[in-house]
Amino acid sequence: MEVKQKVDSCVRQIREKTDFVPKVALILGSGLGALADEIEREMIVDYHEIKGFPVSTVSGHKGRFIFGHIGETPVVIMQGRVHYYEGYSMSDVVLPVRVMRELGAQILFLTNAAGGISQILEPGDLMLLTDQISTFVPSPLIGQNVDEWGPRFPSMDTIYDVALRDQIRSVAKSHQILLKEGIYLQTTGPNYESPAEVKMFSMLGAHAVGMSTSVEAMCARHMGMRVCGISCITNMAGGTAERPLSHKEVSEIADRTAPLFKKLVTETIKQLSD
């Protein structure tokens, strides 16, 4: 099935369950799914209910859409994303972003758990994404271009929207939330990076590394969405920590950071209702 047909099919199936039109699409990363349990819900659609939709296989990713409101802002939340390392094609990895755009979302708010590379970061920090490096994963735009979604050769000069970044900074300041900033680099995973790779990534200018987000941001920009993103730094990347990394450690740090993360995300989204 062609990508456009698959997206259209998923949208039709969701529309059979709800006519809710979101303004903001929010993707919650590892250990950060609790936010979706606390909003004013209108509808829940499990990924399994959508024929042809990729399903999350990673612990901590429930795998469902939550439609509802944060303040007055209509949102669709992905409580669990899919990753390239799970064996999905890149077109399937970004299919949820395309579906949420077709459902009406104008803004994509990305979150993830990431490994810190820069010495300015430490576990528990929140990092505002200012740019990204996606050279180490296949582009989600490879293949036939769908002109109604976006141009064949889209610009990525400002992937992360300047005004949205300013808004997040303002919210962080007003709520006394320490917010650091940096460039995010995506790898394929599922293995954590080697010390030599971390050294290379640092030389390239990356501040944090993870296994998602960049391709979703690229896809959203192609479709004309405004994009913003925050990483929860859950560990120091390979070779910079005293002990081997584990997914359990990532989830535990994300859980401890969750209250500040939820405050920053919800207060920002509340301001996006206009």
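In the predicted model, Thr213 sits in the loop that links β8 (208-210) to α6 (214-222). Thr213 is not a glycine, yet its phi is positive, at about 80°. Thr213 counts as buried because its relative accessibility is 0%, and the cut-off for buried is under 20%.

A positive phi also occurs at Gln176, again a residue other than glycine. The value there is near 55°. Gln176 belongs to the loop between α4 (162-174) and β7. The relative accessible area of Gln176 is 75%, so this residue is exposed; the term applies over 50%. Thr213 is thus buried, whereas Gln176 is exposed.

Strand β7 spans residues 179-186. The peptide bond from Gly189 to Pro190 is cis. Its omega is near 0°.

Strand β7 also pairs with β6. The two strands run parallel and share 7 bridges. Within this pairing, Gln132 has Tyr184 of β7 as its bridge partner. Strand β6 is joined to β9 (residues 226-236) as well, here in the antiparallel sense. That contact comprises 3 bridges. Met127 has its bridge partner in β9, namely Ser231.

Strand β6 itself covers residues 126-133. Of its 8 residues, 6 are buried, so the strand is largely enclosed by the rest of the structure.

Note on methods:
Residues numbered from 1 in each chain as written. Predicted model: local features only at pLDDT ≥ 70, side-chain atom pairs only at ≥ 80, totals over all residues. Heavy atoms only, no water. Helix = DSSP H or I, 4+ residues; strand = E, 2+ residues; numbered from the N terminus. Buried < 20%, exposed > 50% of the residue type's maximum accessible area, 1.4 Å probe, protein only. Pairing = 2+ DSSP bridges.
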